[in-house]
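Hello,

Here is the structure we spoke about. Please open it and read the notes below alongside it.

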Amino acid sequence: QVQLVESGGGLVQPGGSLRLSCAASGSIFLIYDMGWYRQAPGKERELVAIITRGHTSNYADSVKGRFTISRDISKNTVYLQMNSLKPTDTAVYYCNAAVQYSGSQNTVGSWGQGTQVTVSS
């Protein structure tokens with residue numbers, strides 16, 4: 001079993017910044033890609049940013065130039081620095097990781113419980 005625990009969400013004014021963190025723990029052998037997704041009320045979950053073990057990252061067009069994803073492989077942790085936040089960034093943000101369990105050759109996608117980000121004046 002793997003647990004992903006997000007933190008760092010909250011209420012921020014437009015133009016403000018937040019930093020999300022997601023730490024993975026459990027029977028982990030290796031973590032491949034890690035990413036952040038978000039889901040706004042009444043909308044489908046969408047990819048925000050993803051990062052490989054080699055630190056190659058990709059972003060949704062809507063956040064390019066404003067958000068930065070990073071990871072600390074030694075800590076099994078991924079971060080999302082969000083700057084110049086807009087009301088349209090309001091959503092529940094979920095962490096995702098492609099995890100190979102200890103003693104297994106399979107890779108499983110795991111999700112965190114989500115953290116609310118609200119951008120409002």
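**Salt bridges**

Arginine 38 is buried, with a relative accessible area of 6%. Keep in mind that this is a predicted model.

Which residue does arginine 38 form a salt bridge with? The partner is glutamate 46, and the closest N and O atoms are 2.7 Å apart. Glutamate 46 is partly exposed, at 36% relative accessible area.

The structure holds four salt bridges. Another of them joins arginine 66 to aspartate 89, with 2.8 Å between the closest N and O atoms. This pair links distant parts of the chain, 23 residues apart. Arginine 66 sits in the loop between β6 and β7, aspartate 89 in the loop between β8 and β9. Arginine 66 counts as buried because its relative accessibility, 11%, is under 20%. Aspartate 89 is buried too, at 1%. Salt bridges that share partners put Arg38, Glu46, Arg66 and Asp89 into one network.

Aspartate 61 and lysine 64 also meet in a salt bridge, 3.1 Å from N to O. Both of these residues are exposed.

**Core**

The largest nonpolar core has 30 residues. Among those touching the most other members are Trp36, Phe67 and Leu80. Strand β9 gives the most to this core, five residues. Leucine 80 has contacts well along the chain, including Leu18, Trp36, Val48 and Tyr93.

**First strand**

Strand β1 covers residues 2-7. Val2, Leu4 and Glu6 lie on its covered face; Gln3, Val5 and Ser7 lie on the uncovered one. β1 runs antiparallel to β3, joined by six bridges. Leucine 4 has alanine 24 in β3 as its bridge partner.

Best wishes

Technical notes:
Residues are numbered from 1 along each chain as its sequence is written. This is a predicted model: local features need pLDDT of at least 70, side-chain atom pairs count only at pLDDT 80 or more; totals for chains, interfaces and linings use all residues. Side-chain values use heavy atoms; hydrogens and water are left out. Buried means under 20% relative accessible area, exposed over 50%, partly exposed in between (1.4 Å probe, protein chains only). Helices (H or I, at least four residues) and strands (E, at least two) are DSSP runs, numbered from the N terminus. Two strands pair if DSSP finds at least two bridges between them. A nonpolar core is a set of buried Ala, Val, Leu, Ile, Met, Phe, Trp, Tyr and Cys residues joined through side-chain atoms within 4.5 Å. Contact means heavy atoms within 4.5 Å. A salt bridge is a side-chain nitrogen of Lys or Arg within 4 Å of a carboxyl oxygen of Asp or Glu. Lists of a residue's contacts leave out its neighbours within four places in sequence.
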